[in-house]
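Please read it with the structure in view.

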Amino acid sequence: MEKHELPDLLMDGVNTAAGGRYNQVNINGVSRINGALSAHTCKCDGVMKLNGDLAAEEIEMNGNLNLKGNLKVGVMKLNGVLSGEGGLRGERCEMDGMLKLKGNCEVEELIGEGVFHVGGLLSAGVIEFGLHGLSEAGEIGVESLVIRKKGNAAWGRLLGGMVPKFKIGLQAKVIEGDTLDLEYTNAEVVRGGTVIIGEGCTIGRVEYTGELTVHPGAHVGKEEKR
(Lines give C-alpha, C1' and ligand atoms only; values in the text may rest on other atoms or scores of the structure.)
Protein backbone atom coordinates (compact mmCIF):
# COMPACT_ATOMS: atom_id res chain seq x y z
CA MET A 1 0.00 0.00 0.00
CA GLU A 2 1.03 3.61 -0.58
CA LYS A 3 1.68 5.85 2.41
CA HIS A 4 -1.63 7.67 2.07
CA GLU A 5 -3.51 4.36 2.04
CA LEU A 6 -2.08 3.24 5.35
CA PRO A 7 -4.13 3.83 8.52
CA ASP A 8 -3.11 6.15 11.34
CA LEU A 9 -2.52 5.03 14.91
CA LEU A 10 -3.68 7.61 17.47
CA MET A 11 -3.41 6.80 21.18
CA ASP A 12 -4.27 8.99 24.18
CA GLY A 13 -3.97 8.08 27.84
CA VAL A 14 -2.97 4.55 28.83
CA ASN A 15 -3.34 2.10 25.96
CA THR A 16 -2.13 -1.11 24.37
CA ALA A 17 -2.06 -1.80 20.64
CA ALA A 18 -0.72 -4.30 18.15
CA GLY A 19 2.15 -3.51 15.85
CA GLY A 20 1.76 -3.09 12.11
CA ARG A 21 2.22 -0.63 9.26
CA TYR A 22 0.85 2.89 9.64
CA ASN A 23 1.06 6.27 8.00
CA GLN A 24 1.17 8.38 11.18
CA VAL A 25 1.64 7.21 14.76
CA ASN A 26 0.74 9.79 17.41
CA ILE A 27 0.96 8.85 21.08
CA ASN A 28 0.06 11.01 24.07
CA GLY A 29 0.38 9.26 27.40
CA VAL A 30 1.59 5.75 28.20
CA SER A 31 1.40 3.14 25.47
CA ARG A 32 2.55 -0.42 24.88
CA ILE A 33 2.90 -1.74 21.33
CA ASN A 34 3.06 -5.51 20.94
CA GLY A 35 4.93 -6.34 17.75
CA ALA A 36 7.02 -4.59 15.12
CA LEU A 37 5.90 -1.10 14.12
CA SER A 38 6.59 0.79 10.90
CA ALA A 39 5.32 4.25 10.01
CA HIS A 40 5.92 7.30 7.87
CA THR A 41 5.99 9.54 10.96
CA CYS A 42 5.98 8.65 14.66
CA LYS A 43 5.46 11.21 17.42
CA CYS A 44 5.30 10.37 21.10
CA ASP A 45 4.72 12.66 24.06
CA GLY A 46 4.99 10.43 27.10
CA VAL A 47 6.09 6.83 27.48
CA MET A 48 6.19 4.24 24.71
CA LYS A 49 7.14 0.58 25.16
CA LEU A 50 7.58 -1.39 21.95
CA ASN A 51 8.04 -5.17 21.90
CA GLY A 52 9.66 -5.38 18.48
CA ASP A 53 11.44 -3.36 15.81
CA LEU A 54 10.59 0.25 14.97
CA ALA A 55 11.03 1.77 11.52
CA ALA A 56 9.98 5.30 10.55
CA GLU A 57 11.02 8.06 8.21
CA GLU A 58 10.57 10.67 10.94
CA ILE A 59 10.49 10.22 14.71
CA GLU A 60 9.88 12.88 17.36
CA MET A 61 10.23 11.51 20.87
CA ASN A 62 9.44 13.68 23.90
CA GLY A 63 9.65 11.38 26.89
CA ASN A 64 10.74 7.77 27.23
CA LEU A 65 11.00 5.10 24.52
CA ASN A 66 11.78 1.52 25.51
CA LEU A 67 12.51 -0.61 22.47
CA LYS A 68 12.98 -4.39 22.53
CA GLY A 69 14.16 -4.58 18.92
CA ASN A 70 16.10 -2.51 16.39
CA LEU A 71 15.42 1.06 15.30
CA LYS A 72 15.63 2.26 11.70
CA VAL A 73 14.90 5.93 11.09
CA GLY A 74 15.44 8.74 8.62
CA VAL A 75 15.45 11.73 10.97
CA MET A 76 14.95 11.47 14.73
CA LYS A 77 14.52 14.22 17.30
CA LEU A 78 14.96 12.84 20.81
CA ASN A 79 14.11 14.87 23.90
CA GLY A 80 14.25 12.36 26.72
CA VAL A 81 15.45 8.78 27.03
CA LEU A 82 15.67 6.06 24.40
CA SER A 83 16.62 2.55 25.57
CA GLY A 84 17.06 -0.14 22.93
CA GLU A 85 17.86 -3.84 23.15
CA GLY A 86 19.18 -3.78 19.58
CA GLY A 87 20.86 -1.22 17.36
CA LEU A 88 20.08 2.02 15.53
CA ARG A 89 20.47 2.83 11.84
CA GLY A 90 19.54 6.26 10.55
CA GLU A 91 20.36 9.42 8.67
CA ARG A 92 20.26 12.10 11.37
CA CYS A 93 19.74 12.03 15.11
CA GLU A 94 19.21 15.27 17.02
CA MET A 95 19.09 14.67 20.73
CA ASP A 96 18.88 16.32 24.11
CA GLY A 97 18.79 13.45 26.55
CA MET A 98 20.00 9.88 26.89
CA LEU A 99 20.53 7.21 24.21
CA LYS A 100 21.18 3.66 25.45
CA LEU A 101 21.75 0.87 22.90
CA LYS A 102 23.05 -2.65 23.40
CA GLY A 103 23.94 -2.99 19.72
CA ASN A 104 25.58 -0.74 17.13
CA CYS A 105 24.66 2.83 16.24
CA GLU A 106 25.13 3.76 12.57
CA VAL A 107 24.07 7.28 11.57
CA GLU A 108 25.17 9.96 9.15
CA GLU A 109 24.86 12.70 11.78
CA LEU A 110 24.63 12.66 15.57
CA ILE A 111 24.10 16.18 16.87
CA GLY A 112 23.14 17.30 20.35
CA GLU A 113 23.94 16.92 24.01
CA GLY A 114 23.34 14.56 26.88
CA VAL A 115 24.60 11.02 27.38
CA PHE A 116 24.98 8.00 25.11
CA HIS A 117 25.81 4.37 25.85
CA VAL A 118 26.48 2.23 22.77
CA GLY A 119 27.39 -1.38 23.45
CA GLY A 120 28.92 -1.97 20.03
CA LEU A 121 30.27 0.30 17.30
CA LEU A 122 29.27 3.95 17.03
CA SER A 123 29.69 4.83 13.36
CA ALA A 124 28.88 8.24 11.87
CA GLY A 125 29.85 10.80 9.28
CA VAL A 126 29.62 13.70 11.73
CA ILE A 127 29.29 13.71 15.53
CA GLU A 128 29.00 16.99 17.44
CA PHE A 129 28.10 16.21 21.02
CA GLY A 130 28.06 17.98 24.38
CA LEU A 131 28.58 15.71 27.38
CA HIS A 132 26.33 15.99 30.43
CA GLY A 133 27.43 12.72 32.01
CA LEU A 134 29.50 9.62 31.37
CA SER A 135 29.10 8.43 27.77
CA GLU A 136 30.63 5.31 26.28
CA ALA A 137 30.94 3.17 23.18
CA GLY A 138 32.91 0.05 22.32
CA GLU A 139 34.53 1.70 19.29
CA ILE A 140 33.89 4.96 17.46
CA GLY A 141 34.47 5.41 13.73
CA VAL A 142 33.72 8.80 12.14
CA GLU A 143 34.70 11.31 9.51
CA SER A 144 34.46 14.22 11.97
CA LEU A 145 34.06 14.11 15.77
CA VAL A 146 33.75 17.03 18.19
CA ILE A 147 33.25 16.25 21.90
CA ARG A 148 32.69 18.98 24.46
CA LYS A 149 31.91 19.09 28.18
CA LYS A 150 28.47 20.63 28.71
CA GLY A 151 27.35 19.41 32.12
CA ASN A 152 25.04 21.60 34.17
CA ALA A 153 22.78 21.10 37.17
CA ALA A 154 19.55 22.03 35.39
CA TRP A 155 20.04 19.39 32.70
CA GLY A 156 20.86 16.74 35.31
CA ARG A 157 17.63 17.42 37.17
CA LEU A 158 15.64 16.81 33.99
CA LEU A 159 16.85 13.21 33.97
CA GLY A 160 15.89 12.71 37.58
CA GLY A 161 19.36 11.85 38.77
CA MET A 162 19.97 9.07 36.26
CA VAL A 163 23.30 10.65 35.28
CA PRO A 164 25.94 10.29 38.03
CA LYS A 165 27.10 13.66 39.30
CA PHE A 166 30.66 14.78 38.63
CA LYS A 167 31.23 12.01 36.07
CA ILE A 168 31.36 13.80 32.76
CA GLY A 169 33.37 12.25 29.98
CA LEU A 170 33.56 9.85 27.05
CA GLN A 171 35.00 6.34 27.23
CA ALA A 172 35.88 4.14 24.24
CA LYS A 173 38.48 1.52 23.42
CA VAL A 174 39.26 2.92 19.96
CA ILE A 175 38.34 6.24 18.33
CA GLU A 176 39.13 6.61 14.64
CA GLY A 177 38.34 9.40 12.20
CA ASP A 178 39.60 11.98 9.73
CA THR A 179 39.16 14.94 12.09
CA LEU A 180 39.00 14.43 15.86
CA ASP A 181 38.52 17.19 18.45
CA LEU A 182 38.19 15.72 21.93
CA GLU A 183 37.65 16.86 25.50
CA TYR A 184 37.32 14.73 28.66
CA THR A 185 37.83 11.53 26.69
CA ASN A 186 39.39 8.30 27.91
CA ALA A 187 40.51 5.92 25.15
CA GLU A 188 43.10 3.24 24.57
CA VAL A 189 43.78 4.30 20.98
CA VAL A 190 42.94 7.46 19.05
CA ARG A 191 43.70 7.27 15.34
CA GLY A 192 43.12 10.09 12.86
CA GLY A 193 44.33 12.69 10.40
CA THR A 194 43.99 15.98 12.27
CA VAL A 195 43.75 15.26 16.01
CA ILE A 196 43.14 17.63 18.90
CA ILE A 197 43.47 16.11 22.38
CA GLY A 198 41.85 18.65 24.65
CA GLU A 199 41.44 19.27 28.35
CA GLY A 200 40.66 16.30 30.58
CA CYS A 201 41.69 13.61 28.08
CA THR A 202 43.58 10.42 28.95
CA ILE A 203 44.73 8.55 25.83
CA GLY A 204 46.95 5.49 25.73
CA ARG A 205 48.23 5.99 22.18
CA VAL A 206 47.59 8.60 19.48
CA GLU A 207 48.29 7.76 15.83
CA TYR A 208 47.97 10.63 13.37
CA THR A 209 48.80 11.40 9.74
CA GLY A 210 48.32 15.19 9.74
CA GLU A 211 48.61 17.43 12.77
CA LEU A 212 48.42 16.68 16.49
CA THR A 213 47.63 19.19 19.23
CA VAL A 214 47.71 18.14 22.90
CA HIS A 215 46.33 20.31 25.71
CA PRO A 216 48.67 20.79 28.71
CA GLY A 217 45.96 19.30 30.92
CA ALA A 218 45.70 16.09 28.87
CA HIS A 219 47.71 12.90 29.20
CA VAL A 220 48.92 10.93 26.18
CA GLY A 221 50.95 7.78 26.71
CA LYS A 222 52.45 7.54 23.23
CA GLU A 223 52.35 9.64 20.03
CA GLU A 224 52.96 8.14 16.58
CA LYS A 225 53.15 10.16 13.35
CA ARG A 226 52.28 7.92 10.39
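1. Buried means under 20% relative accessible area, exposed means over 50%, and partly exposed lies in between (1.4 Å probe, protein chains only). By that scale Asp181 is buried, at 15%. Arg148 is partly exposed, at 25%.

2. This is a predicted model: local features need pLDDT of at least 70, side-chain atom pairs count only at pLDDT 80 or more, and totals for chains, interfaces and linings use all residues. Residues are numbered from 1 along each chain as its sequence is written, and side-chain values use heavy atoms, with hydrogens and water left out.

3. A salt bridge here is a side-chain nitrogen of Lys or Arg within 4 Å of a carboxyl oxygen of Asp or Glu. The rule gives 12 salt bridges.

4. Look at Asp181 and Arg148. They form a salt bridge, with the closest N and O atoms 2.8 Å apart. The pair links distant parts of the chain: Asp181 is in strand β7 (residues 169-182) and Arg148 in strand β6 (residues 134-149), 33 residues apart. Strands are DSSP runs of E, at least two residues, numbered from the N terminus.

5. Arg148 also meets Glu183 in a salt bridge, at 3.8 Å from N to O. This pair too links distant parts of the chain, 35 residues apart: Glu183 is in the loop between β7 and β8 (185-197), Arg148 in strand β6.

6. Arg205 and Glu207 form a salt bridge at 2.7 Å, N to O. Arg205 is partly exposed, at 26% relative accessible area. Glu207 is buried, at 3%.

Definitions and conventions
Helices (H or I, at least four residues) and strands (E, at least two) are DSSP runs, numbered from the N terminus.
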